[in-house]
Amino acid sequence: MISLHMVKREELPKREQWLIRGIALMGALLAGALLLLSLGHDPLAVYRDMVVGALGSPTVRKETVKIAVPLLITAIGISLAFRMRFWNIGAEGQILMGAVCAGYFAFFQYDSMPRPLLLLVMFLAGMAGGGLYGLIPAFFKARWGTNETLFTLMLDYIALSFVKYLQNGPWKAPHSQFPKMPMLDDRARLTKVFGVHWGWILALVLVAAAYFYVTKTKQGYEIAVVGESMDTARYAGIDVRFVMIRTMVLSGALCGLAGMLQLAGSDHTITEGTAGGVGFTAITVAWMAKMDAFGMLAVSVFIAILERGADKIQTTFKIPASAAEVLTGLILFFMLGCEFFIDYKLARSREKEARA
């Protein structure tokens, strides 16, 4: 009897890898076209409008970059944890805590220090807030072996509840009838470079820094060894607990930095949507790029184009938000799924061989 099972491929040539990705993209566009046809729209017109809505003018290109920046920085952060097989699903909470810690100085200390110092303090506070929030699950995992996936996910909800508490309580905007925080003073806002806050420059610097850290440093090597096998890492004399904690603090700090940039560069306040799903979408970015820093740059821009384009077609074609999200999800599903078939393939074996 013949059975089918998945086996790991030998590494495919780059040309074949990109061929598979191209086929997946075509499949995604065809599946999306069927969805659009069922809604009564011309797929070519919708796809064209998505591209124009994301890249068609300097104004919309700036908005696309603003979407890509926190996505890229967060993806770099969680990729460090993923490399050592620590499944950090708590980036949403780390983003919010970074924004909250930076927000304390932005809301209440903006007039007590010069602007450059204020922004530096907000920068450090954001990283500290996210890093300390990442430290909690790392400590419990290193000390008691807790499940980091559930732990980090639950911390997301705690951070969200804390933001709601601040909105309704001590940080509520004066004279506001609604639960919301005040807008930032101009001194606490990031200046713009080419029409976008300078966080985009920082994001590009972090791409190069992450590549160097992972591939050229002892710390990056230790992360890789721990990810391959903790027993091997211990045998090689690596302090696994310390590496785990150090890496998660750095992972959370980068996510917290993304929160600070959202606060000071884009939203200029803190809301329940400050993280806006970035922490979860960044997981897709990291996986699609296979944890490669430059790959995450490309994927972040690609997803930002999809999100901005999806917003555009909701207005132009009156496509429901849910349908636009399904269209974006279809494209990402095909692109993420193709990476599996680059690494694995279906193989046939007889029943006796399968038992052996």
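Reader: Where is the place of His268?
Author: Happy to start there, with a predicted model in which local features need pLDDT of at least 70, side-chain atom pairs count only at pLDDT 80 or more, and totals for chains, interfaces and linings use all residues. Residues are numbered from 1 along each chain as its sequence is written, and side-chain values use heavy atoms, with hydrogens and water left out. Helices here are DSSP runs of H or I with at least four residues, and strands are runs of E with at least two, numbered from the N terminus. On that basis, His268 sits in the loop between α10 (240–267) and α11 (278–288).

Reader: Is His268 buried or exposed?
Author: Buried means under 20% relative accessible area, exposed over 50%, and partly exposed in between (1.4 Å probe, protein chains only). The relative accessible area of His268 is 16%, so His268 is buried.

Reader: And what is the phi of His268?
Author: Most residues other than glycine have a negative phi. His268 is not a glycine, yet its phi is positive, at about 60°.

Reader: Does His175 count as buried or exposed?
Author: His175 lies in the loop between α6 (148–168) and β2 (192–193), and it too is a non-glycine residue with a positive phi, about 65°. Its relative accessibility is 85%, so His175 counts as exposed.

Reader: How many helices and strands does the protein chain have, and what is its radius of gyration?
Author: The secondary structure comes to 14 helices and four strands. The globule rule, 2.2 Å times the number of residues to the power 0.38, is set against a radius taken over C-alpha atoms. For 356 residues the rule gives 21 Å, so the chain is as compact as a globular protein of that length, with a radius of gyration of 22 Å.
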